[in-house]
Amino acid sequence: QVQLVESGGGLVQAGGSLRLSCAASGHTFSIRRMGWFRQAPGKEREFVGTINWFTGDTDYTDSVKGRFTISRDNAKVTVYLQMHNLKPEDTAVYYCAGGHSYQNAYDDWGQGTQVTVSA
């Protein structure tokens, strides 16, 4: 099992930036990909982006392309979500997730970190 702990959330004005971190521990050898998701109040959880743990290849949902960047530090077993030009609609609880395969559902989830963007 893999434990994931997010950090870096907070309150920021529109147009600002934040960087979220997700530190993994436990059976990290099982990680094949890491993803970021978010859930806004009253809405379903949505996919933000993902990174292949070995190649570093990334993919993003359209609404964050060009503004958000996912990266990872294999030595620290940590994945990052750098967010620029934040908008009020980015306000949500952000979760990182670990996948033990390149497809199917993610296996491990963090507790989430709140990001609030004020207008």
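Q: Is Y106 buried or exposed, in terms of relative accessibility?
A: The model is predicted: local features need pLDDT of at least 70 and side-chain atom pairs pLDDT 80 or more, while totals for chains, interfaces and linings use all residues. Side-chain values use heavy atoms, without hydrogens and water, and residues are numbered from 1 along each chain as its sequence is written. Buried means under 20% relative accessible area, exposed over 50% and partly exposed in between, with a 1.4 Å probe and protein chains only. Since the relative accessibility of Y106 is 13%, Y106 counts as buried.

Q: Which kind of aromatic pair do F37 and W109 form?
A: Rings of Phe, Tyr and Trp (its six-membered ring) pair if their centres lie within 6.5 Å; planes under 30 degrees apart count as stacked, over 60 as edge-to-face and the rest as tilted. For F37 and W109 the centres are 4.9 Å apart and the planes make 55°. The pair is therefore tilted.

Q: Which kind of aromatic pair do Y106 and W109 form?
A: The ring centres of Y106 and W109 are 6.3 Å apart, with 65° between the planes. Ring pairs also link these two residues with F37 and F47 into a cluster. The Y106 and W109 pair is edge-to-face.

Q: Over the ring of which residue does the charged end of R45 sit?
A: A charge sits over a ring if NZ of Lys or CZ of Arg is within 6 Å of the ring centre and within 35 degrees of the ring normal. The charged end of R33 sits over Y106, 4.1 Å from the ring centre. For R45 the distance is 3.9 Å, and the ring is that of W109.
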